[in-house]
Amino acid sequence: MSDEPKTLDPASATRPAPAPAHPLPAPDGARAGRWTLGLVSVGLVLAALNLRPAITSLGALLEEVSAGLHMSGTVAGVLTSVPPLCFAIFGITAPRLARRFGPAAVVCAGMAAILTGLLLRPLAGGTAVFLAASALALMGIAVSNVLMPVIVKRYFPDRIGSMTGLYSMALALGTSLAAALTVPMTDALDGDWRLGLGVWAVLAALAVLPWLPLVKDRTGTPRTEPAAPAATREAPSAAGTAAPRPMYRSRTAWALACFFGLQATGAYITMGWMPQIFRDAGVPASTAGVLLAVTMVMGVPLAFVIPRLATRLRHQGPIVVALGTCGLAGYTGLLLAPAAGAWVWAVLLGISNCAFPLALTMIGLRSRTGAGVVRLSAFAQCVGYLISIPGPLLVGVLYQHSGGWGLPIALMGGLMVPQMIVGTLAGRDRTVEDES
């Protein structure tokens, strides 16, 4: 991967050509740049809306899908572990694909893969086919996950916090909508869980459209990117002629990867199992879906606020601790009184899950260059998702063999402590280039 930054770095790509490379069409170029930025903004929002419905819609109908496909609790746990596994496996390919085809083209293909997987999943006659269709959709989500911070850094280098907040807010909105509406839509469709899952393909089809005009953009950088900010931001990379040091040698990269992995563990356990926890506590299925939606919808306003706040702080550790404390309180309440305080626990866990947009923001802050963000995003997300794989599976195994939710919930709460520790380390005011 050491050769990737050389082709993705706009500063290094344009350095051989002096300033007069585009002397004539400046006004037209400016108009094209504004159009491109607007299209990218729309594309980011629609793409983000599609990065979780394939997962949370399944969580809301996990009991029906398990019964329809004759899954055991352990197999259902495997199913909830598939998202981070796919994110780790396919996400590592994103930088290489972006180098060859351009970030916009890869995101466009990712949206098409989500669409295809969501269309095929309702046709599955068994667990293996269902998993394969889900994996296809998750492959599209994986590459898009990695490239979202990259596209923000490339197109909006001076608005990392606000643009990260925008697509994080859209991601949280899509997550909560799928959690809240899947069960009611399934009921309206005669209780057919296949149709209830397949209807989300409509949203995926819309997400493909804005990326089609951007497919030919191989650099992911607008032609009209201001020379001064670009030169300023890419100067550290240009100054060093040697190949960049591998990310696995950076303590900050490892801290960020562990923080990403632990928050992802909590998020996918929540999305996959929280409705079932409430249902087993006597909460109706439709209400359990709404509770998951409440958890997810907390990310809509906070996903916009937290990244903006994070970019204004030299150290993001206090935000990490505040979110972790909410998570500890939510899991404690879920353990002691799951039904009585269900709405409170849903809100607290929703606040805790906003560690995700914080992690994405820190990816953009912990590297000086767009090329560095590509490498750091791939490393942190792929390693992080690998870390998160055992969590949902272990919850399913503990639930099946213990016959209750005491041990699984204790595990969830216990993971908040190391999450706060590594998150505080990742939030220190330094970059991976400083350690290289």
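**View 1. L51, a buried loop residue.** L51 counts as buried, at 1% relative accessibility. This is a predicted model. L51 lies in the loop that runs between α3 (26–49) and α4 (53–60). Its contacts, leaving out residues up to four places away in sequence, are M111, I141, S144, N145, M148 and L171. The C-alpha atoms of L51 and G140 are 8.6 Å apart, although 89 residues separate the two along the chain.

View 2. D190 sits in the loop between α10 (160–188) and α11 (193–198). Its phi is positive, about 60 degrees, and D190 is not a glycine. Most residues other than glycine have a negative phi. Is D190 buried or exposed? With a relative accessible area of 79%, D190 is exposed, because that value is over the 50% cut-off.

**View 3. The largest nonpolar core.** This core has 124 residues. L44, V65, F130, W211 and L358 have the most contacts inside it. Which helix gives the most to this core? Helix α14 (residues 251–280) does, with 16 residues.

**View 4. Surroundings of F130.** F130 is among the residues with the most contacts inside the largest nonpolar core. Residues up to four places away in sequence are not counted here.

**View 5. Helix α16 against helix α19.** The axes of α16 (residues 299–312) and α19 (residues 355–365) come within 9 Å. They cross at roughly 35 degrees. The crossing is right-handed. On the α16 side, A303, I306, P307, A310 and T311 take part. They meet P357, L358, T361 and L365 of α19. By class, this contact has seven nonpolar residues, two polar and no charged ones.

**View 6. Confidence along the chain.** The average pLDDT of the protein is 81, and 85% of the residues score at least 70. Among the elements, helix α23 (residues 416–426) has the highest mean pLDDT, 96. Helix α13 (residues 227–239) has the lowest, 38. Over residues 1–32 the pLDDT stays under 50; the model gives this stretch 33 contacts beyond four places in sequence. Residues 219–241 are also below 50, with 33 contacts in the model beyond near neighbours in sequence. Where pLDDT is low, the predicted coordinates should not be read in detail.

Terms used
Residues numbered from 1 in each chain as written. Predicted model: local features only at pLDDT ≥ 70, side-chain atom pairs only at ≥ 80, totals over all residues. Heavy atoms only, no water. Axes fitted to C-alpha atoms, helices over the stretch in contact; angles between N-to-C directions. Helix = DSSP H or I, 4+ residues; strand = E, 2+ residues; numbered from the N terminus. Left-handed = near helix turned anticlockwise from the far one by under 90°. Contact = heavy atoms within 4.5 Å. Nonpolar A, V, L, I, M, F, W, Y, C, P; charged D, E, K, R; others polar. Buried < 20%, exposed > 50% of the residue type's maximum accessible area, 1.4 Å probe, protein only. Core = buried A, V, L, I, M, F, W, Y, C linked by side-chain atoms within 4.5 Å. pLDDT = per-residue confidence, 0-100.
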